Amino acid sequence: FMCVNDQTALGVMLGLTARGYDIPRDFSITGFDDVPQAVFMQPSLTTIRQPRTLIGRHAMALLLDLLGGGEPPDSEILLVPDLVVRNSVGPPSRQWMKR
């Protein structure tokens, strides 16, 4: 499962575990945001961490430029997130590899 955010991923983990599935043996789960709870889950959640400080710096620079009379930029700023590999992902199970 590649979830839209960590909160959703944590819910998926809890739901699958309650139904008797083993994570990551039966399913791999990845979230997005790297919330503090992600590291405390069992297993810990693999997630994508946004560069929040860099986002803030670019936003503040843009805001100050606009307040100073500058024009909105014509281009987008692309920031690269980090993949934080923890224990909620694993290799495909053998049953899926046989298909």
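The model is predicted, so local features need pLDDT of at least 70 and side-chain atom pairs count only at pLDDT 80 or more, while totals for chains, interfaces and linings use all residues. Residues are numbered from 1 along each chain as its sequence is written, and side-chain values use heavy atoms, with hydrogens and water left out.

**The core**

Let's start inside. In soluble globular proteins, nonpolar side chains tend to be buried together. Here the largest nonpolar core has eleven residues: Cys3, Ala9, Leu10, Met13, Leu16, Ile23, Ile29, Val35, Ala38, Met41 and Leu45. Such a core is a set of buried Ala, Val, Leu, Ile, Met, Phe, Trp, Tyr and Cys residues joined through side-chain atoms within 4.5 Å. Buried means under 20% relative accessible area, exposed over 50%, and partly exposed in between (1.4 Å probe, protein chains only).

Beyond residues up to four places away in sequence, Cys3 touches Thr8, Ala9, Val12, Ile29, Thr30, Gly31 and Phe32; contact means heavy atoms within 4.5 Å.

Thr30 lies in strand 1 (strands are DSSP E runs of at least two residues, helices H or I runs of at least four, numbered from the N terminus). Thr30 counts as buried because its relative accessibility is 13%. With neighbours within four places in sequence left aside, the contacts of Thr30 are Phe1, Met2, Cys3, Ala9, Leu45, Thr46, Thr47 and Val89.

**The aromatic cluster**

The whole structure holds two aromatic pairs. Rings of Phe, Tyr and Trp (its six-membered ring) pair if their centres lie within 6.5 Å; planes under 30 degrees apart are stacked, over 60 edge-to-face, and the rest tilted.

| Pair | Centre to centre | Angle between planes | Type |
|---|---|---|---|
| Phe1 and Phe27 | 5.5 Å | 50° | tilted |
| Tyr21 and Phe27 | 5.1 Å | 80° | edge-to-face |

Ring pairs join Phe1, Tyr21 and Phe27 into a cluster. Phe1 is partly exposed because its relative accessible area is 48%; Tyr21, at 39%, is partly exposed, and Phe27 is partly exposed at 27%.

**The surface patch**

Finally, Met60, Leu63, Leu64 and Leu67 form a nonpolar surface patch with about 420 Å² of accessible area together. Met60 lies in helix 2 (residues 52-67) and counts as partly exposed because its relative accessibility is 45%. Patch residues have over 30% relative accessible area and no salt bridge; like charges are joined within 9 Å, nonpolar side chains (Val, Leu, Ile, Met, Phe, Trp, Tyr) within 5 Å. A salt bridge is a side-chain nitrogen of Lys or Arg within 4 Å of a carboxyl oxygen of Asp or Glu. Accessible areas come from the Shrake-Rupley method with a 1.4 Å probe; for residues, only the protein chains shown count as cover.
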